[in-house]
Amino acid sequence: MAKSKTLFYCRNCGAQSIKWIGKCPSCDEWNTYVEEVVQRSDDKNKWVEYSKKKNIGKPHLIEDIKHGDQLRINTYNNELNRVLGGGMIPGSLILVGGEPGIGKSTLMLQIALNLKNMKVLYITGEESEQQIKMRAERIGLNNPDCYILTETSTQNIFQQIEQLKPELVIIDSIQTLNTDIIDSSAGSISQIRECAAEMQRYSKLTDTPVFLIGHITKEGILAGPKILEHMVDTVLQFEGERNYGYRILRATKNRFGSTSELGIYEMRNSGLREVSNPSEILISQRDDDLSGISIAATIEGLRPMLIETQALVSSAAYGTPQRSSTGFDLRRLSMLLAVLEKRSGFKLSVKDVFLNIAGGIKVDDPGIDLAVVTAILSSNEDIPVDKQICFAAEIGLSGEIRPVNRIEQRIAEADKLGFKQIFISKYNMKGIDKTKYNISISPAGKIEEVFSMLFA
Ligand code: TYD
Ligand code: MG
């Protein structure tokens, strides 16, 4: 046997080196190099042979190339379709990442069982056939053309694929695969990279969409190097607070669509339910008015959502006041508190401030600012904000209330859900036809104006 050859790989970006180095020259991270045994013998590579058989690699005139959009494949799952940009593209490689136990396998099995008239191959290296069957029964769906294969060697997988000729392949998970070409163990960087490359070649050559499930490490990065993200066409993140039932699917990279779309699911006993009207779940049902609660009319992707923000302001028990937030950027919270202190004269520097976005979701839309501020002021004054009021505006550094995008869509959603009043920036008023809505629209230019309208 030939002497085994080892190489060093950067755990962060996948760069390789023949000796260990402390700082990666390509991504500048420290202490990320790990040693791996590699042995490449390219003659074993089936898909290289395959590509020689097929006449690929010829240049085509751009005029002659077919437009792929009408070729999108419906997944029969509206939330997934939305996140993918309208459906799967043939020959695309899609990575689904998420923490263990979040529901990746459930989601993919559900898709596999729900697809109509499509031959699906679900390959698992994590669970037994019986476990999959039990889960399928729990979900309660059935696709007569769905095959399960428990296998981890890519060479064997490709053999089965050649016989079965599936129209969609799902791999659970990329970390369990191993290829004969490389000697290091499954889950190592070089294995993950090589297996993903084989899957990519297969998917591109046969126009079959392939889903790869990938685990996420504790630090929140996809286990395996970043290079995996470069190789695939689409990266989907499946996330959510484990204690809440809600799961969010978002694209962090998409070669065939926007990355601002969200899919929302609810984990039930019988699998994942698509949540088509998210506002229903993000606003808690309450009978009496409580202080510190305020509703924001936000937009995620193209979809308007009403989200509840909750704040608690209390006198600091210790010297340094605490600030904590879930679902909202802590630095932005500090900025809003500084604006309230400096520009609007509220004494909050000696107060503890806790902020929470209901439902366990994370919000990036700046249009939530005004709701955050009113929730904080409401808790500080201990005066509730009327349940029928919502807010859609950004706060600037000088305390001014700034306009946000897609204001009409936000107003329309709030109107649809029966809110009576919405506060927006006065600079957003241009072109809004007030007569179209039942909801009353209150423009404001400064935080103090909103404050006096709500609490004075
Ligand atoms: P799973 O898909 O195995 O997660 P992953 O593949 O991301 O590791 O999901 C596991 C969790 O989902 C588990 O805690 C049980 C829960 N679950 C339900 O609540 N209802 C269901 O119908 C199913 C199948 C799972
Ligand atoms: Mg799983």
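Into which domains is the chain divided, and what does the interface of domain 1 and domain 2 look like?

Guide: This is a predicted model, in which local features need pLDDT of at least 70 and side-chain atom pairs count only at pLDDT 80 or more, while totals for chains, interfaces and linings use all residues. Residues are numbered from 1 along each chain as its sequence is written, and side-chain values use heavy atoms, with hydrogens and water left out.

The chain is divided into domain 1 (1-39), domain 2 (73-274) and domain 3 (282-455), with bounds that come from an automatic or database domain assignment. Between domain 1 and domain 2, the C-alpha centres are 28 Å apart. Contact (heavy atoms within 4.5 Å) joins 12 residues of domain 1 to 12 residues of domain 2.

The two domains bury about 920 Å² between them, 50% of it on carbon and sulfur atoms; buried area is the accessible area (1.4 Å probe) that two parts lose on being put together, summed over both. On the domain 1 side, the elements giving two or more residues are strand 1 (5-10) and strand 3 (33-38), where strands are DSSP runs (E, at least two residues) numbered from the N terminus. Strand 3 gives the most, with four residues. By class, this side has six nonpolar residues, four polar and two charged; Ala, Val, Leu, Ile, Met, Phe, Trp, Tyr, Cys and Pro count as nonpolar, Asp, Glu, Lys and Arg as charged, and the others, Gly among them, as polar.

Across the interface of domain 1 and domain 2, the rule finds zero salt bridges, a salt bridge being a side-chain nitrogen of Lys or Arg within 4 Å of a carboxyl oxygen of Asp or Glu.

How values were computed
Chains are lettered from A and ligands numbered from 1 in the order in which they are written.
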